[in-house]
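Biologist: Could you walk me through how the helices pack here, and then through the pockets?

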Amino acid sequence: MSDTPPESPGSPHFDDMTRDIAEVPAVEVIVTVAVNLMSAAAVKLGLTEEGDKYKDLDEARKLIHALAGLLDGSATEISSFHAAPLRDGLKSLQLAFREASVVRDEPGQGPGEKYTGPIYG
């Protein structure tokens with residue numbers, strides 16, 4: 001039996017994971033990460049069935065900002081076929097954040113607006 005932890009470089013499991021990720025196109029990785037950020041932000045905004053149970057606007061702000069940065073940084077790398085629905089989802093999250101906030105950010109100061117420009121709503 002090997003002394004190498006299962007998730008460390010050189011372990012058979014790690015090598016299998018590396019081979020698997022090597023076969024995935026970059027666009028698919030970017031889109032998957034974006035969808036995960038969107039899902040996590042929706043949960044932190046209280047937009048799931050559990051509602052306020054997991055609501056945390058500070059955490060939602062961070063996730064939305066990261067999503068906006070990812071989409072801004074990868075805009076030239078992913079096609080509009082992939083980018084358009086992600087941008088729509090981002091805008092919906094930004095509007096939901098604005099609605100959920102007790103203290104409103106100034107236009108252009110909300111999460112991700114550094115990348116997208118002001119969101120009004």
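Modeller: The axes of helix 2 (residues 26–44) and helix 3 (residues 57–74) come within 8 Å and cross at roughly 160 degrees, where axes are lines fitted to C-alpha atoms over the stretch in contact, with angles from 0 to 180 degrees between N-to-C directions, and helices are DSSP runs of H or I, at least four residues, numbered from the N terminus. That makes helix 2 roughly antiparallel to helix 3, a term used for angles over 145 degrees. This is a predicted model, in which local features need pLDDT of at least 70 and side-chain atom pairs count only at pLDDT 80 or more, while totals for chains, interfaces and linings use all residues. Residues are numbered from 1 along each chain as its sequence is written, and side-chain values use heavy atoms, leaving out hydrogens and water.

Biologist: Which residues of helix 2 and helix 3 make the contact?

Modeller: Helix 2 contributes residues including Ile30, Val33, Leu37 and Met38, and helix 3 contributes residues including Leu63, Ile64, Leu67 and Leu70, with contact meaning heavy atoms within 4.5 Å.

Biologist: Changing topic, what volume does the largest pocket have?

Modeller: The largest pocket has a volume of about 170 Å³, taken as the space filled by probe spheres set on the grid points, which are joined across faces, edges and corners. A pocket is an open set of points on a 1 Å grid where a 1.4 Å probe fits, with protein on both sides within 12 Å along at least five of seven lines, and lining residues have an atom within 4 Å of a point.

Biologist: And which residues are closest to its centre?

Modeller: Of the 13 lining residues, the closest to the centre of the largest pocket are Leu71, Arg87, Leu90, Tyr115 and Thr116, and the largest share of the lining, 5 residues, comes from helix 4.

Definitions and conventions
Helices (H or I, at least four residues) and strands (E, at least two) are DSSP runs, numbered from the N terminus. Angles under 35 degrees count as roughly parallel, over 145 as roughly antiparallel, 65 to 115 as roughly perpendicular and the rest as oblique.
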